[in-house]
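Colleague: I have a model open and would like to go through it with you. Can we start with the overall picture and then look at single residues?

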Amino acid sequence: MKRNIIILTATTALLSSCGIYNHYTPTDTVPEDLYGFNVEQTDDSVSLGDMDWQKVFTDPYLLMLINQGLENNTDYRSAQLRVKEAEATLLSAKLAFLPSFALSPQGGMSSFDGSKATWTYTVPVTASWELDIFGRMRNAKKQAQALYAQSKDYQQAVRTQLIASIANTYYTLLMLDEQLDLSLQTAEAWKETVASARALMNAGRYDESAVAQMEATYYSVETSVLDLQEQIIQVENSLALLLAETPRSYERGKLSEQVMPMDFSIGIPLQMLANRPDVRSAEHALEAAFYAENQARSNFYPSITLSGSAGWTNEAGSMIVNPGKFLGTALGSLVQPLFNRGTNIAALKIAKAQQEEARLSFEQTLLNAGSEVNDALTACQTSHDKAELYEKQVEALRRAERSTTLLMEHGNNTYLEVLTARQTLLSAELSLVANRFTEIQSVVNLYQALGGGREK
């Protein structure tokens, strides 16, 4: 008995050295300065990516839209079905370790040279069980487990992307709404200016060219109003696609009323391995490729199968009235590949190359994730710093526009100076709104880049 144990231990050690029993070791390190050298990294355990999405987005209309998207979006529902498919594949790989049973009854009737017909039958239950000594089924199960985990990561990646897309589309609508309000106010102001200028022209104080120039500017602003209205409809249609419904108009708040978390931590780069679903998915793909290579190695070793049957038969040719006899058989088979060694070598080379491809893809995915965090954080900080400057610029241009208009009406300023002042003011106001949208969007993108939106 002791000798058998020693032999078994030695055999296991030998097979492990051949690679068919190796275990995948998860990655626990990330590149230095993954977020970038200009990003201050902290050891905080809770980052923006760990916050629940209901706490990041507080607008009640947006919350309803995100919930609707998580229920109806077709891409997310398809991702959930992929998880079920992978779960069934994993179950099949686990059941492969169990013996298979089958009931295969047979019967027939025969007569020779006019003799009385005889009835023969066999009612066996057959069983077959492959012994996984060389790890083929074990590695197939490990590969199925990795692919199942990868499908769940894909579902989470779709969920995170969906939440971020709905939020960005919603905030785009709020930005366009505010830009439309500004353009409408400007158009109304120009309409009044044109009417006043025409009255002054009739009084002999303005010439026709000045009034025509003001009218042209008014029509230009009205054209921008129509462009914004068209963009709003297009964005609403995009939102409808995300929510898997027909186009309609959506209730929404105002951009100026939005409150986003600005005092947050991005956490340590190592959290990227646990938080980012695309990073986890890429590593699970690497894990699956690792076990696929192990499985390719196990094909060089024989397969051992135990089979047998038990049942009743009267195939000895007894009369139909005679009872059958019990019959049992047992068989063991060993199949060693001989002439397909070249095919197995080619399959192993393919598995090695695919594992290296998966490794490179994982490394690039991790680098992409770090770059996305840096981009979003830089955009957030820059737009936040710009906000105060834009506000000061708008306030200064409003004073300039009021002064220029008064001087035109009561002094020597021309319509060109008023035209320039109002166009510059409108451009600055639109830029202020766009910068506020960029500030909010960068927080959404940073939340996504840090792996936010996970199911708790």
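Modeller: What follows is a walk through the chain, some of its helices and a few residues.

Colleague: What am I looking at, and how are residues numbered?
Modeller: This is a predicted model, in which local features need pLDDT of at least 70, side-chain atom pairs count only at pLDDT 80 or more, and totals for chains, interfaces and linings use all residues. Residues are numbered from 1 along each chain as its sequence is written, and side-chain values use heavy atoms, with hydrogens and water left out.

Colleague: How many helices and strands are in the protein chain?
Modeller: The protein chain has ten helices and five strands. Both are DSSP runs numbered from the N terminus: helices are H or I with at least four residues, strands are E with at least two.

Colleague: And what share of the residues is buried?
Modeller: Of the 456 residues in the protein chain, 40% are buried. Buried means under 20% relative accessible area, exposed means over 50%, and partly exposed is in between, with a 1.4 Å probe and protein chains only.

Colleague: What about contacts between residues at least 6 apart in sequence?
Modeller: Among those contacts, 82% join residues at least 24 apart. Contact means heavy atoms within 4.5 Å.

Colleague: Let's take H5. How many residues does it have?
Modeller: H5 has 67 residues, and its first and last C-alpha atoms are 96 Å apart, close to the 99 Å expected at 1.5 Å a residue. The expected span is 1.5 Å times one less than the number of residues. Just after H5, glycine 204 has a positive phi of about 90°.

Colleague: How do H4 and H5 sit relative to each other?
Modeller: Their axes come within 9 Å and cross at roughly 170°. That makes H4 roughly antiparallel to H5. The contact of H4 with H5 has 13 nonpolar, five polar and seven charged residues.

Colleague: Remind me of the conventions there.
Modeller: Axes are lines fitted to C-alpha atoms, for helices over the stretch in contact, and angles run from 0 to 180 degrees between N-to-C directions. Under 35 degrees is roughly parallel, over 145 roughly antiparallel, 65 to 115 roughly perpendicular, and the rest oblique. Ala, Val, Leu, Ile, Met, Phe, Trp, Tyr, Cys and Pro count as nonpolar, Asp, Glu, Lys and Arg as charged, and the others, Gly among them, as polar.

Colleague: Which residues does valine 83 touch?
Modeller: Valine 83 is in helix H4 and touches Tyr148, Ser151, Lys152 and Gln155, not counting residues up to four places away in sequence. Valine 83 counts as buried because its relative accessibility is 9%. Its C-alpha atom is 8.7 Å from that of glutamine 150, 67 residues apart along the chain.

Colleague: And alanine 93, buried or exposed?
Modeller: Alanine 93, also placed in helix H4, is buried, with a relative accessible area of 13%. Leaving aside neighbours within four places in sequence, alanine 93 is in contact with Ala140, Lys141 and Ala144. Alanine 93 and lysine 141 are 48 residues apart in sequence, yet 5.0 Å apart in space, C-alpha to C-alpha.

Colleague: Switching to H3. What caps its N-terminal end?
Modeller: Aspartate 59 does: a side-chain oxygen lies 2.8 Å from the backbone nitrogen of tyrosine 61. In H3, Leu62, Leu65, Ile66, Gln68, Gly69 and Leu70 are buried. Their cover includes helix H2 (53-56), helix H4 (74-95), helix H5 (136-202) and helix H6 (208-242).

Colleague: Where is arginine 454, and which side chain does it meet in a polar contact?
Modeller: Arginine 454 lies in the segment after helix H10 (415-449), and a polar contact of 2.8 Å joins its side chain to that of aspartate 50. A polar contact is a pair of N or O atoms within 3.5 Å; within protein, one must be able to donate a hydrogen and the other to accept it, and residues adjacent in sequence count only if both atoms are side-chain atoms. A polar side-chain atom of arginine 454 also lies 3.3 Å from the backbone oxygen of glycine 49. Arginine 454 is buried, with a relative accessible area of 15%.

Colleague: Last one: where is alanine 244?
Modeller: Alanine 244 is in the loop between H6 and helix H7 (272-275). Alanine 244 has a positive phi of about 55° although it is not a glycine, and is partly exposed at a relative accessible area of 38%.
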